[in-house]
Amino acid sequence: GVGLLLCQWAKHLGARVIGTVGNERKAQLAARNGCDETILYTRENVAQRVRELTNDAGVRVVYDSVGKDTFEASLSSLAKRGMLVLFGQSSGKVPPLDLQVLNAKGSLFVTRPSLGHYVGTRPELLESTRLLFDAVGAGTLRVEIGATYPLREAGRAHVELEARQIGRAACRERG
């Protein structure tokens with residue numbers, strides 16, 4: 001979902017995109033959506049692989065929607081003065097952080113944005129919506145529907161979404 005859109009947008013802006021995925025099928029999907037490199041976090045040390053791909057420089061920004069399970073690897077993947085944007089917590093909340101860690105790893109920045117802080121007013125919401133739909137209309141962003149459910153199965157949809165199983169569910173739904 002959001003990760004695929006983020007990859008497309010970053011690629012549109014000219015970024016080199018390194019994505020993390022849990023399996024080969026998701027690696028192919030990520031590549032189709034703008035990832036230059038994919039790291040299978042279930043088999044590889046993410047921070048080490050990022051360092052290899054960047055000649056030990058690290059990356060300037062990491063967008064992390066997973067949270068607890070990926071937080072340390074995300075921090076360790078950053079270049080000096082890099083920024084970690086933690087926008088989700090599908091694996092759970094990140095534990096408290098000793099701010100000295102940010103200094104020791106290279107004067108890093110961490111933010112935890114909330115949609116409500118970016119579209120807090122009606123004009124901000126309208127502008128953000130316009131930008132999004134313009135990007136979709138122009139083909140810059142392609143929205144892939146992972147699965148569809150009858151309304152009576154909305155509970156199942158939420159459970160699978162929270163368990164990060166929507167991609168697997170789509171394979172079952174589509175045969």
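Ile-145 sits in the loop that runs between helix H7 (122-137) and helix H8 (154-162); helices here are DSSP runs of type H or I with at least four residues, strands are E runs of at least two, and both are numbered from the N terminus. This is a predicted model, so local features need pLDDT of at least 70 and side-chain atom pairs count only at pLDDT 80 or more, while totals for chains, interfaces and linings use all residues. Residues are numbered from 1 along each chain as its sequence is written, and side-chain values use heavy atoms, with hydrogens and water left out.

Next up is helix H3. Val-46, Ala-47, Val-50 and Leu-53 are buried in this helix, where buried means under 20% relative accessible area, exposed means over 50%, and partly exposed is in between (1.4 Å probe, protein chains only). Looking down the axis of H3, its buried residues fall within an arc of 125 degrees, so they line one face of the helix; the arc is taken from the directions from the helix axis to the C-beta atoms. And what covers them? The cover for the buried residues of H3 includes strand E1 (18-21), strand E2 (37-40), strand E3 (59-64) and helix H4 (71-76).

H3 (residues 46-53) also holds Arg-49 and Glu-52, three residues apart, or about one turn of the helix. Side chains of opposite charge can pair when their charged atoms come close. Arg-49 and Glu-52 form a salt bridge, with 3.2 Å between the closest N and O atoms; the term stands for a side-chain nitrogen of Lys or Arg within 4 Å of a carboxyl oxygen of Asp or Glu. Arg-49 is partly exposed at 25% relative accessibility, and so is Glu-52, at 46%. Glu-44 joins in too, linked with Arg-49 and Glu-52 in a network of salt bridges.

The structure has 11 salt bridges. Among them is the one between Glu-153 and Arg-156, at 2.5 Å from N to O; Glu-153 is partly exposed at 23%, and Arg-156 is partly exposed at 31%. Another pairs Asp-69 with Lys-68, with the closest N and O atoms 3.8 Å apart. Here Asp-69 is exposed at 57%, whereas Lys-68 is partly exposed at 44%.

Ser-65 is found in the loop between E3 and H4 and is partly exposed, at 33% relative accessibility. Its C-alpha atom is 8.4 Å from that of Val-85, 20 residues apart along the chain. Neighbours within four places in sequence aside, Ser-65 is in contact (heavy atoms within 4.5 Å) with Phe-87, Gly-88, Gln-89 and Ser-90.

How about disulfides? A search of the whole structure turns up zero, counting as a disulfide a pair of cysteine sulfur atoms within 2.5 Å. For Cys-35, the closest cysteine sulfur is in Cys-7, 3.4 Å away, which is too far for a bond. Cys-7 is buried at 12% relative accessibility, and Cys-35 is buried at 9%.
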